[in-house]
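I am opening the notebook on this model and will write down what I look up, one entry at a time.

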Amino acid sequence: MTIAPAKLSDPVVGAFVTAVNAHDKEAFLAVLTADATMSDDGSDRDLGPWIDKEIFGSGGHMNVQSESDGGRALVVDYRNDTWGEMRTAWRFTIAPGGGKISRFETGQA
């Protein structure tokens with residue numbers, strides 16, 4: 001049973017998942033700080049090229065299986081046209097003030 005983005009405990013993380021699943025790059029970027037960073041499997045990546053390749057250029061989609069840490073840590077069945085589907089872990093850091101994501105980390109779960 002998956003968790004709908006609107007039911008996630010942290011609304012900013014919910015907006016992130018909603019944007020990914022809607023393939024809405026503008027909405028996705030709107031939930032990130034201007035200097036947001038990310039890592040994939042423990043290695044920091046350049047955010048722009050990574051999201052173009054792994055999310056928006058390849059039909060990325062997140063099916064959230066569970067959440068913890070107040071909704072800031074997710075286990076997700078993630079799929080895209082490049083890699084197929086895999087179980088992944090996502091962790092989010094919310095900027096002070098709570099309105100935007102300043103960092104996200106993902107990797108195989």
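Which residues does Phe-92 touch, not counting residues up to four places away in sequence? I keep in mind that the model is predicted. I listed the contacts of Phe-92 and found Val-13, Phe-16, Arg-72, Leu-74, Ile-101, Arg-103 and Phe-104.

**Entry: the core**

I looked up the largest nonpolar core next and got 27 residues. Phe-92 is among those with the most contacts inside this core, together with Phe-16, Phe-28, Leu-74, Trp-90, Ile-101 and Phe-104. I then checked which elements supply at least two residues each: helices H1 and H3 (47-56) do, and so do strands E1 (32-40), E3 (61-68), E4 (73-80), E5 (84-94) and E6 (101-108). H1 gives the most, with 6 residues. I noted beside this that in soluble globular proteins nonpolar side chains tend to be buried together.

**Entry: helix H1**

H1 covers residues 11-22. I took its span from first C-alpha to last as 16 Å, close to the 16 Å expected for its 12 residues. For the buried residues of H1 I wrote down Val-12, Val-13, Gly-14, Phe-16, Val-17, Ala-19, Val-20 and Asn-21. At the start of the helix, I found a side-chain oxygen of Asp-10 within 2.9 Å of the backbone nitrogen of Val-12. After H1 comes His-23, with a positive phi near 55 degrees.

**Entry: strand E4 and its partners**

I count 6 of the 8 residues of E4 as buried, so this strand is largely enclosed by the rest of the structure. E4 pairs with E3 in the antiparallel sense over 7 bridges, and Met-62 stands opposite Tyr-78 there. The hairpin of E3 and E4 has 4 residues between the strands, and in it Asp-69 takes a positive phi near 50 degrees. E4 also pairs with E5, again antiparallel, over 8 bridges. Leu-74 stands opposite Trp-90 in that pairing, and the E4-E5 hairpin has 3 residues between its strands.

**Entry: strand E6 and its partners**

For E6, too, I find 6 of the 8 residues buried, so it is largely enclosed by the rest of the structure. Which way does E6 run relative to E1, parallel or antiparallel? The two run parallel and are joined by 5 bridges; Thr-37 has Arg-103 of E6 as its bridge partner. E5 and E6 are antiparallel, over 7 bridges, with Ile-94 opposite Ile-101. Their hairpin has 6 residues between the strands, among them Gly-97, whose phi is positive, near 100 degrees.

Technical notes
Residues are numbered from 1 along each chain as its sequence is written. This is a predicted model: local features need pLDDT of at least 70, side-chain atom pairs count only at pLDDT 80 or more; totals for chains, interfaces and linings use all residues. Side-chain values use heavy atoms; hydrogens and water are left out. The expected span of a helix is 1.5 Å times one less than its number of residues. Buried means under 20% relative accessible area, exposed over 50%, partly exposed in between (1.4 Å probe, protein chains only). A polar contact is a pair of N or O atoms within 3.5 Å; within protein, one must be able to donate a hydrogen and the other to accept it, and residues adjacent in sequence count only if both atoms are side-chain atoms. A nonpolar core is a set of buried Ala, Val, Leu, Ile, Met, Phe, Trp, Tyr and Cys residues joined through side-chain atoms within 4.5 Å. Contact means heavy atoms within 4.5 Å. Two strands pair if DSSP finds at least two bridges between them.
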